[in-house]
Amino acid sequence: MLSNPFLFTLLRILPASIASWLGGWLSANIARRTMKLRDQRARTNLAILRPDLDEATREAILARRWFNLGRTMAELANVDRLVNPQHVSIVEEAAYREALASPRPMIFLTVHVGNWDLLAAHLKASTDRPPLGVYQPPADPAQAAMLQRARQSYMGEAITGSAAARAILRHLSDKDRAMLYILVDERRDRQVWFPRFGRDLPPSGNLSVALRLARKAGARFLPFYMVRSNGPNFRVHWHPPIDPAAISDDEIMEQVDSFLGKACVDHADQWLALHDMDLTAP
């Protein structure tokens, strides 16, 4: 959808709710048939993560998942029309707003659940903090360029690459009440290194970088995620801010892993990385 200018324009012209449904239908009925390997990976991983469910229930989750993924991709064309209270609600909103008002820099940690791009847009619209987002671009150059343009329009500055850590530290240290939005379940070598799902894994990737940057910049963490409730409607769930000055990296990992890892399992029908990893590997 991202690399097809005609389809992207059509999704923009249609009402946001219809565009979202169309993206879901295309994903469930066309994309899924052409991505059999990814579908099988998701099936295998779901059986490992949810052995308590019978096969029919897991298949229903997988069917919903493909529809949800298509909706998420289609909604990229209409993020600006979805960033409002009609489409996004917040658990314990008053306390959430109070947390956002903190005078210290903040690093917002999340995973690819629900609509993570809409979550970034929501965050930017919810606070006057200078925003910065970190992302991993798709391998396809045309798709990566379109995605970068779309994200910069609602995320603020978005960076990637080997120099990102230095740029992030400058942003957090030099700008008043700066914030960073970062996804910690990035996929590398057909594996997801966070959440740990009981695996004995040290901090790595984006999360390892975030831990180091938070201590250097005096920033606090706020783990959160956005889950789809019905159609193009969402609910933001959040964890109270975590202060690296008060607890160890191991304790931070435990809290973040428990909160975001549970979100990935509880909402496996909306988690992108389920089909991009191999939990059977040692």
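Is Asp269 buried or exposed? I looked up Asp269 and found a relative accessibility of 13%, so Asp269 counts as buried (buried is under 20% relative accessible area, exposed over 50%, partly exposed in between, with a 1.4 Å probe and protein chains only).

I note that this is a predicted model, in which local features need pLDDT of at least 70, side-chain atom pairs count only at pLDDT 80 or more, and totals for chains, interfaces and linings use all residues. Residues are numbered from 1 along each chain as its sequence is written, and side-chain values use heavy atoms, with hydrogens and water left out.

Entry on salt bridges. I took a salt bridge as a side-chain nitrogen of Lys or Arg within 4 Å of a carboxyl oxygen of Asp or Glu. Asp269 forms one with Arg64, with the closest N and O atoms 3.2 Å apart. I placed Asp269 in the segment after α11 and Arg64 in helix α4 (residues 55-75), 205 residues apart. Helices here are DSSP runs of H or I with at least four residues, strands are runs of E with at least two, and both are numbered from the N terminus. Arg64 is partly exposed, at 42% relative accessible area.

I then checked Arg38, which forms a salt bridge with Asp276 at 3.9 Å between the closest N and O atoms. Arg38 is in helix α3 (residues 36-49) and Asp276 in the segment after α11 (249-266), so the pair ties together parts 238 residues apart in sequence. Asp276 is buried at 8% relative accessibility, and Arg38 is partly exposed at 32%.

I also recorded a network of salt bridges linking Arg32, Asp39, Arg43 and Glu59.
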